[in-house]
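These exercises go through one structure step by step. Try each task before reading its solution.

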Amino acid sequence: MAKLDGKVALVSGSGRGIGRALALKLAGEGARVAVNDLDADPANETAEEIRALGGEAVACAGDVAADDFADRFVRAAMDAWGGIDIVVNNAGYTWDSVIQKMTDEQWDAVMDVHVKAPFRILRAAAEPIRIAAKKEAMEGREVIRKVVNISSIAGLYGNAGQINYSAAKSAMIGMTRTMAKEWGRYKVCVNCVAFGYIKTRMTQPMDKDDPPVLDIGGRDIRVGVQPHMIQMMEAIIPMGRGGTPEEAADAVYLFCTPESDYISGQVIVAGGGLLI
């Protein structure tokens with residue numbers, strides 16, 4: 001039997017990168033996955049890939065920061081499978097500037113996607129989880145559910161040029177520890193994974209004359225990292241390289257498995273030994 005047989009997982013930002021790798025990992029262990037991406041095509045492609053491998057998936061495309069998204073995401077899983085067992089708040093992006101150049105729009109956009117959206121998703125999931133946990137308790141059964149929030153070493157130690165992102169990712173640690181205390185009575189383990197340098201489209205090498213640009217909610221957001229900065233980061237990572245999306249996803253997966261059923265309120269760093 002697969003470790004997550006029959007579990008229902010919501011994974012935001014799972015059409016690409018780390019989220020996609022995690023959705024495939026969870027599905028490979030038997031979970032039924034509600035897949036999300038800002039754009040419909042990547043969400044549908046990941047869901048189709050899961051189905052092609054014999055798994056179950058539904059796609060719920062859209063902006064996690066939209067007012068109606070959280071209820072729609074939770075409803076997609078409830079309508080398809082009638083329950084929720086795993087929630088992973090993974091969606092996000094960076095929009096960097098030093099503080100004197102950072103606009104209110106930049107601050108609000110990053111806080112919305114990294115803090116408000118996870119809060120809303122957990123709030124929307126609260127009632128279905130509470131009802132299920134109460135029923136299971138009355139039946140004398142203990143069913144362990146999992147929430148995994150995504151942070152960053154920037155949230156632990158700060159990072160120049162990322163006051164919005166660092167503040168948002170620090171907030172996720174506070175959210176994690178609070179929810180571990182609130183939802184322990186419902187048998188929900190709430191943990192957090194802080195990523196170091198992971199090689200995704202957000203951290204691809206940047207050509208200063210032609211930087212990669214993503215269309216996020218109608219905004220053109222420059223992403224990527226200067227090649228010399230990548231070299232510097234990899235030089236101080238004890239393992240000598242950045243991580244892959246699959247390695248990052250594996251760290252999240254650890255908190256979704258039965259082996260972590262008595263671990264809650266914790267933060268682990270998936271960074272190849274990088275701790276500063």
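**Exercise 1.** What volume does the largest cavity have?

*Solution.* The model is predicted, so to speak of local features requires pLDDT of at least 70 and side-chain atom pairs count only at pLDDT 80 or more, while totals for chains, interfaces and linings use all residues. Residues are numbered from 1 along each chain as its sequence is written, and side-chain values use heavy atoms, without hydrogens and water.

Step 1: a cavity is a set of points, on a 1 Å grid over the protein atoms alone, where a 1.4 Å probe fits but cannot get out; lining residues have an atom within 4 Å of a point. A volume is the space filled by probe spheres set on the points, which are joined across faces, edges and corners.

Step 2: the largest cavity comes to about 70 Å³.

Step 3: its lining has 13 residues, and Asn-89, Asn-90, Ala-91, Val-113 and Pro-118 are the closest to the centre. Helix H4 (104-138) gives the most, 5 residues.

**Exercise 2.** In what order do the 7 strands of the open sheet lie?

*Solution.* Step 1: strands (E, at least two residues) and helices (H or I, at least four) are DSSP runs, numbered from the N terminus. Two strands pair if DSSP finds at least two bridges between them.

Step 2: the order is S3-S2-S1-S4-S5-S6-S9, with parallel pairing. Strand S3 (57-59) and strand S9 (267-270) are the edges, each pairing on one side only.

Step 3: S1 (residues 8-11) and S4 (residues 86-89) are joined by 3 bridges, and Val-11 lies opposite Val-88 in S4.

Notes
On a 1 Å grid over the protein atoms alone, a cavity is a set of points where a 1.4 Å probe fits but cannot get out, and a pocket is an open set with protein on both sides within 12 Å along at least five of seven lines; lining residues have an atom within 4 Å of a point.
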